[in-house]
Amino acid sequence: IERYPDEKGKYVVQISSNKYIDAVDPEKSNLSRYINHQPLKKCNTKLTQVGNIRTTKAIKKGQEIFFSYGPKYKFV
(Lines give C-alpha, C1' and ligand atoms only; values in the text may rest on other atoms or scores of the structure.)
Protein backbone atom coordinates (compact mmCIF):
# COMPACT_ATOMS: atom_id res chain seq x y z
CA ILE A 1 0.00 0.00 0.00
CA GLU A 2 2.83 2.43 0.82
CA ARG A 3 4.53 1.80 -2.51
CA TYR A 4 1.32 1.88 -4.56
CA PRO A 5 -1.21 4.02 -2.67
CA ASP A 6 -3.50 4.12 -5.73
CA GLU A 7 -3.41 0.27 -5.82
CA LYS A 8 -2.02 0.36 -9.36
CA GLY A 9 1.06 -1.77 -8.89
CA LYS A 10 1.25 -3.02 -12.47
CA TYR A 11 3.70 -5.84 -11.77
CA VAL A 12 2.70 -6.90 -8.26
CA VAL A 13 1.07 -10.20 -7.34
CA GLN A 14 -0.22 -10.79 -3.81
CA ILE A 15 0.65 -14.35 -2.80
CA SER A 16 -0.59 -14.25 0.81
CA SER A 17 -2.03 -11.72 3.23
CA ASN A 18 1.34 -10.03 3.71
CA LYS A 19 3.56 -11.37 0.87
CA TYR A 20 3.88 -9.94 -2.61
CA ILE A 21 5.95 -10.52 -5.72
CA ASP A 22 6.94 -7.08 -7.01
CA ALA A 23 8.69 -7.39 -10.35
CA VAL A 24 9.52 -3.70 -10.68
CA ASP A 25 12.60 -3.69 -8.42
CA PRO A 26 15.05 -6.61 -8.83
CA GLU A 27 16.60 -5.71 -5.46
CA LYS A 28 13.29 -6.50 -3.74
CA SER A 29 12.35 -9.52 -5.83
CA ASN A 30 13.59 -12.92 -6.95
CA LEU A 31 13.41 -15.15 -10.03
CA SER A 32 9.66 -15.58 -9.60
CA ARG A 33 9.34 -12.10 -11.10
CA TYR A 34 9.73 -13.73 -14.52
CA ILE A 35 6.68 -16.02 -14.19
CA ASN A 36 3.93 -14.94 -16.57
CA HIS A 37 0.15 -15.07 -16.27
CA GLN A 38 -2.15 -17.57 -17.91
CA PRO A 39 -5.67 -18.70 -17.00
CA LEU A 40 -5.67 -21.64 -14.57
CA LYS A 41 -6.25 -24.24 -17.32
CA LYS A 42 -2.98 -23.25 -19.04
CA CYS A 43 -0.79 -22.87 -15.93
CA ASN A 44 2.17 -25.15 -15.25
CA THR A 45 2.77 -23.93 -11.69
CA LYS A 46 0.72 -22.95 -8.66
CA LEU A 47 1.28 -21.03 -5.46
CA THR A 48 1.18 -22.99 -2.22
CA GLN A 49 -0.46 -21.67 0.93
CA VAL A 50 2.91 -20.53 2.24
CA GLY A 51 3.77 -18.65 -0.96
CA ASN A 52 6.08 -21.19 -2.60
CA ILE A 53 5.77 -21.94 -6.30
CA ARG A 54 5.25 -25.58 -7.31
CA THR A 55 5.15 -27.12 -10.74
CA THR A 56 1.92 -28.84 -11.77
CA LYS A 57 3.18 -30.10 -15.14
CA ALA A 58 6.56 -31.01 -16.56
CA ILE A 59 8.42 -27.90 -17.75
CA LYS A 60 10.88 -28.42 -20.57
CA LYS A 61 14.04 -26.41 -21.10
CA GLY A 62 13.18 -23.13 -22.81
CA GLN A 63 9.48 -23.36 -21.96
CA GLU A 64 7.81 -20.42 -20.21
CA ILE A 65 6.59 -20.75 -16.64
CA PHE A 66 3.01 -19.64 -15.94
CA PHE A 67 0.67 -19.22 -13.00
CA SER A 68 -2.62 -17.42 -12.63
CA TYR A 69 -2.31 -13.92 -11.19
CA GLY A 70 -5.88 -14.32 -9.94
CA PRO A 71 -9.40 -13.62 -11.16
CA LYS A 72 -9.03 -9.82 -10.84
CA TYR A 73 -6.01 -9.66 -13.16
CA LYS A 74 -6.71 -8.17 -16.57
CA PHE A 75 -4.34 -7.91 -19.52
CA VAL A 76 -3.66 -4.28 -20.40
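Buried residues account for 21% of the 76 residues in the chain, where buried means under 20% relative accessible area, exposed means over 50%, and partly exposed covers what lies in between (1.4 Å probe, protein chains only). The model is a predicted one, so local features need pLDDT of at least 70 and side-chain atom pairs count only at pLDDT 80 or more, while totals for chains, interfaces and linings use all residues. Residues are numbered from 1 along each chain as its sequence is written, and side-chain values use heavy atoms, with hydrogens and water left out.

As for charge, the mean positions of the 15 positive and 7 negative charges sit 14 Å apart. Here Lys and Arg count as positive and Asp and Glu as negative, with His and the chain ends not counted; each charge is placed at NZ of Lys, CZ of Arg, CG of Asp or CD of Glu.

The chain has zero helices and six strands, so from the N terminus on it reads β-β-β-β-β-β (helices, H or I, of at least four residues and strands, E, of at least two are DSSP runs, numbered from the N terminus). Along the principal axes, the C-alpha atoms fill a box of roughly 40 × 25 × 25 Å. The radius of gyration is 13 Å, which agrees with the value near 11 Å that a compact globule of 76 residues would have; the radius is taken over C-alpha atoms, and the globule rule is 2.2 Å times the number of residues to the power 0.38. Of the contacts (heavy atoms within 4.5 Å) between residues at least 6 apart in sequence, 33% join residues at least 24 apart.

Inside, the largest nonpolar core is made of five residues, namely Val13, Ile15, Ile21, Ile35 and Phe67. Such a core is a set of buried Ala, Val, Leu, Ile, Met, Phe, Trp, Tyr and Cys residues joined through side-chain atoms within 4.5 Å. Leaving aside residues up to four places away in sequence, Ile15 touches Tyr20, Ile21, Leu47 and Gly51. Tyr20 itself belongs to strand 2 (residues 19-22) and, at 46% relative accessibility, counts as partly exposed. With the sequence neighbors up to four places away again set aside, Tyr20 touches Val12, Val13, Gln14 and Ile15. Tyr20 and His37, 17 residues apart in sequence, are 15 Å apart in space, C-alpha to C-alpha.

The loop between strand 2 and strand 3 (36-37) holds Ser32, and Tyr34 is found in that loop too. Ser32 is buried, since its relative accessible area is 14%, whereas Tyr34 counts as exposed at 54%. Beyond residues up to four places away in sequence, Ser32 touches Ile21 and Ile53. As for Tyr34, its C-alpha atom is 9.1 Å from that of Phe66, 32 residues apart along the chain.

Strand 3 contains Asn36, a partly exposed residue with a relative accessible area of 31%. Not counting residues up to four places away in sequence, Asn36 touches Glu64, Ile65, Phe66, Phe67 and Tyr69. Val50 is another matter: the C-alpha atoms of Asn36 and Val50 are separated by 20 Å, with the two residues 14 apart along the chain.

Toward the end of the listed elements, Pro71 is found in the segment after strand 6 (66-67). Pro71 is exposed, with a relative accessible area of 84%. Its C-alpha atom lies 9.5 Å from that of Leu40, although Pro71 and Leu40 are 31 residues apart along the chain.
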